[in-house]
Amino acid sequence: MTQFTAEQIKEHNKHGDTWVSIHQKVYNLSEFMSEHPGGEEVLRDLAGTDATSDYVNVGHSKDADKLMEKYFVGELLGGKKAEAQVNQSAAAAAAEKKAEVKTPVVSTKATPAKVATTQKREQGSDFKVMAVPALFLILAVLAYLFFGNKA
C-alpha cells in the first residue's frame with residue numbers, strides 16, 4: 001500500500017491536482033471536483049489538508065463513503081493515534097454544534113416559571129396569528145354578500 005506524508009499531500013493543493021486525507025486515507029479528488037454536491041470551492045479550500053473533521057461534521061452518507069473508494073490513492077503516515085485524536089475532536093465539535101442549535105435564547109432574568117409561560121404562549125400564538133385574520137376575512141365576505149348586493 002502506498003503511504004504519503006502530510007507534507008506530500010500539501011503539494012497537491014491546486015485545481016486539477018487536489019488531494020485530501022480523510023480518516024488516515026489519501027484521496028485524489030481532482031476528477032471529482034466538478035461532481036461534488038457541495039461545489040468545487042469546498043474541496044478547493046481543503047486541498048492538500050487533512051479534511052477528516054470537515055467530512056465528519058458535514059455528516060456524509062454511506063453512499064459518499066462508498067464513492068470515496070474510487071478516489072483512494074494510499075494511506076497517510078501517522079497511525080491510528082493521529083486518527084483517534086482527529087475523531088475525538090470531530091465528535092466534540094459535532095456535539096458542540098448540536099448543543100448550540102438546541103440551546104434556547106433566554107433572558108438571564110427569566111425564572112423557570114416565566115420560561116414555561118413564554119413557551120406555552122409561543123406555541124399557541126401561531127394559531128392566533130392565522131385565525132384572527134381568517135376570521136376578519138370571513139366576516140368581510142359575509143358582510144359584502146349580505147349588504148353589498150342590495151344597492
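The legends below walk through several close-up views of this predicted model.

Local features are described only where pLDDT is at least 70, and side-chain atom pairs only at pLDDT 80 or more, while totals for chains, interfaces and linings use all residues. Residues are numbered from 1 along each chain as its sequence is written, and side-chain values use heavy atoms, with hydrogens and water left out.

View 1. Helices (H or I, at least four residues) and strands (E, at least two) are DSSP runs, numbered from the N terminus. Of the 151 residues in the protein chain, 20% are buried; here buried means under 20% relative accessible area, exposed means over 50%, and partly exposed lies in between (1.4 Å probe, protein chains only). The protein chain exposes about 11400 Å², with carbon and sulfur atoms supplying 60% of that area. Accessible areas come from the Shrake-Rupley method with a 1.4 Å probe, and for residues only the protein chains shown count as cover. Among contacts with a separation of 6 or more, 72% link residues 24 or more positions apart; a contact means heavy atoms within 4.5 Å.

**View 2. Five strands build an open sheet in the order S1-S5-S4-S3-S2, with mixed pairing.** Two strands pair if DSSP finds at least two bridges between them. At the edges sit strand S1 (3-4) and strand S2 (13-14), each of which pairs on one side only. S1 runs parallel to S5, joined by two bridges, and Gln3 has Glu75 in S5 as its bridge partner. Strand S5 (residues 72-76) is also joined to S4, in this case antiparallel and by three bridges. To find that pairing on your screen, look for Val26 and its bridge partner Gly74 in S5.

**View 3. S3 and S4 form a hairpin with two residues between them.** Strand S3 (residues 17-22) and strand S4 (residues 25-28) pair in the antiparallel sense over four bridges. Ile22 stands opposite Lys25 in S4. In the turn, His23 has a positive phi of about 55°.

**View 4. Ser21 is a buried residue, with a relative accessible area of 2%.** Its place is in strand S3. Leaving aside neighbours within four places in sequence, Ser21 is in contact with Ile9, Val26, Thr49, Asp50, Ala51, Thr52 and Leu76.

**View 5. The largest nonpolar core has 13 residues.** A nonpolar core is a set of buried Ala, Val, Leu, Ile, Met, Phe, Trp, Tyr and Cys residues joined through side-chain atoms within 4.5 Å. Val20, Ile22, Tyr27, Leu29 and Met68 have the most contacts inside this core. S3, H2 and helix H4 (62-68) each supply at least two of its residues. A second, separate core of five residues includes Phe4, Ile9, Val26 and Leu76. As background, nonpolar side chains tend to be buried together in soluble globular proteins. For a closer look at Tyr27, leave aside its neighbours within four places in sequence: the remaining contacts are Thr18, Trp19, Val20, Ile22, Met68, Tyr71, Phe72 and Val73.

**View 6. The structure holds two salt bridges.** A salt bridge is a side-chain nitrogen of Lys or Arg within 4 Å of a carboxyl oxygen of Asp or Glu. Glu7 and Lys10 meet through their side chains at 3.4 Å, N to O. These two residues are three apart in helix H1 (residues 6-10), so about one helical turn separates them. Glu7 is exposed, at 52% relative accessible area, whereas Lys10 is partly exposed, at 46%.

The other salt bridge links the side chains of Glu40 and Arg44 (3.8 Å, N to O). Both residues lie in helix H2 (residues 40-46), four residues apart, or about one turn of the helix. Glu40 is partly exposed at 28% relative accessibility, and Arg44 is partly exposed at 43%.

**View 7. A nonpolar surface patch covers about 1000 Å².** Val132, Leu135, Phe136, Leu137, Ile138, Leu139, Val141, Leu142, Tyr144 and Leu145 make this patch. Patches are made of residues with over 30% relative accessible area and no salt bridge; like charges are joined within 9 Å, and nonpolar side chains (Val, Leu, Ile, Met, Phe, Trp, Tyr) within 5 Å. A handy landmark here is Ile138, found in helix H6 (residues 112-147).
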